[in-house]
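Hi,

Here is the structure I promised to pass on to you.

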Amino acid sequence: MYRNLYKQHSQGVVMLAKQLENTVEFLGTGFLAHDKGYILTCSHIINQTDLIVALLPPSLNTFNPMTLSRVNLIPLTLVQNNPINDVALLKINNPDIGVKVPQNLFGETTTLECGSNIATIGFPFGYESLHLQSINQGIVSAKTVTANGVKLIQFDSMIHEGNSGGPLLDVQTGKVIGIVTNRFNPTKGGGIMIGNHQLGVETNISYAAIIEYGIELIENELKS
C-alpha cells in the first residue's frame with residue numbers, strides 16, 4: 001500500500017533551495033502539480049527576492065548519500081502566492097525539462113474522514129544536510145479552521161521543518177489532499193532549551209493546508 005504510494009509520487013517531490021553565489025541553502029519541500037511545470041509548496045518558506053531552485057529526487061529504492069556534495073539545479077520562478085493560506089506556486093523556468101504528473105493527482109477534502117490513513121513525502125532536516133527523501137505515515141486526527149478562516153488537516157505524524165511544502169497523501173485514494181505546513185508548537189517559539197534541544201516541541205500534531213488552496217493558485221495562474 002505505502003510502497004505503491006511512494007512509487008506513484010516520490011519522483012515528483014523535490015527539494016527546494018535558495019541559490020547563493022557558490023552554494024545553495026535548503027528551504028523545504030515542493031511537489032510537481034501540473035504538466036506545465038508548476039510546483040506547489042508553502043508560502044512561509046519562500047522569499048520573493050530569493051533565487052529559488054529545485055533539486056530532483058534521487059533514484060527510487062537505491063542507497064543514496066545522506067548529504068549531497070554536487071547537485072543539478074533547476075531554476076524556478078514564484079508565480080502565485082497566498083501567505084494567508086500558506087501556499088505558493090512555482091514554475092520551472094526551462095520549458096525543455098519534461099514534466100509528467102500522475103493523472104487525477106488531487107483529491108478533495110470535503111468528504112475526507114477523520115481516521116483516514118495518510119502519508120507524507122519530504123526532506124526532513126534538509127537544513128541539517130540530511131538530503132534523503134523520506135515517507136512517513138499517520139492518520140487524519142482532525143479537520144479544523146483557524147481564526148482567519150483557513151482550513152487545515154490535522155494529522156498525527158511528527159513532521160519537521162524540512163517537510164514543509166510536501167504533499168499530504170490519502171492512502172486509500174492515492175491522491176494529494178493537502179500541502180504540509182507545520183507542526184504544532186505548544187511553547188509558541190519559547191520554552192526551555194537544553195543545548196540545541198527545545199523541550200515541548202516534539203508533538204505528533206501536524207498540519208496541512210487543504211489541497212483546494214493549491215488548486216486555486218494553479219487555476220488562477222492558468223487564467224493569467
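To start with the sheet: how many bridges join S11 to strand S14? There are 5 bridges between S11 and S14 (residues 206-210), and the two run antiparallel. Across that pair, Gly178 stands opposite Ile210 in S14.

Before going on, some ground rules. This is a predicted model, where local features need pLDDT of at least 70 and side-chain atom pairs count only at pLDDT 80 or more, while totals for chains, interfaces and linings use all residues. Residues are numbered from 1 along each chain as its sequence is written, and side-chain values use heavy atoms, with hydrogens and water left out. Helices (H or I, at least four residues) and strands (E, at least two) are DSSP runs, numbered from the N terminus. Two strands pair if DSSP finds at least two bridges between them.

Back to S11. On S11, Gly178 is also the bridge partner of Leu168. Strand S10 (residues 167-170) pairs with S11 in the antiparallel sense, over 4 bridges. S10 and S11 make a hairpin with 4 residues between them, and Gly174 in the turn has a positive phi of about 75°. S11 (residues 175-183) has 7 of its 9 residues buried, so the rest of the structure largely encloses this strand. (Buried means under 20% relative accessible area, exposed over 50%, partly exposed in between, with a 1.4 Å probe and protein chains only.)

Now zoom out a bit. 6 strands close into a barrel in the order S7-S8-S9-S14-S11-S10, with antiparallel pairing. On average, neighbouring strands of this sheet are turned by 45° against each other, direction ignored. (Axes are lines fitted to C-alpha atoms, for helices over the stretch in contact, and angles run from 0 to 180 degrees between N-to-C directions.) Strand S7 (residues 117-122) pairs with S10 over 3 bridges, in the antiparallel sense, and Ile118 stands opposite Asp170 in S10.

Next, the helices. Helix H1 (residues 2-9) lies across S7, strand S8 (134-145), S10 and S11, at about 40° to S7. Helix H2 (residues 211-223) packs on the sheet too, touching strand S9 (151-155), S11 and S14, and its direction makes about 40° with that of S14. Contact here means heavy atoms within 4.5 Å.

Which residues of H1 are buried? They are Leu5, Tyr6 and His9. Seen down the axis of H1, its buried residues fall within an arc of 100°, so they line one face of the helix. (The arc is that of the directions from the helix axis to the C-beta atoms.) The face turned away from the buried side of H1 carries the exposed residues Arg3 and Asn4. Among the elements covering the buried residues of H1 is strand S1 (13-19).

In H2, the buried residues are Ile211, Tyr213, Gly214, Leu217, Ile218 and Glu221. Down the axis of H2, its buried residues fall within an arc of 160°, so they line one face of the helix.

Ala88 is buried, with a relative accessible area of 0%. Leaving aside neighbours within four places in sequence, the contacts of Ala88 include Ile39, Leu40 and Leu217.

Cheers
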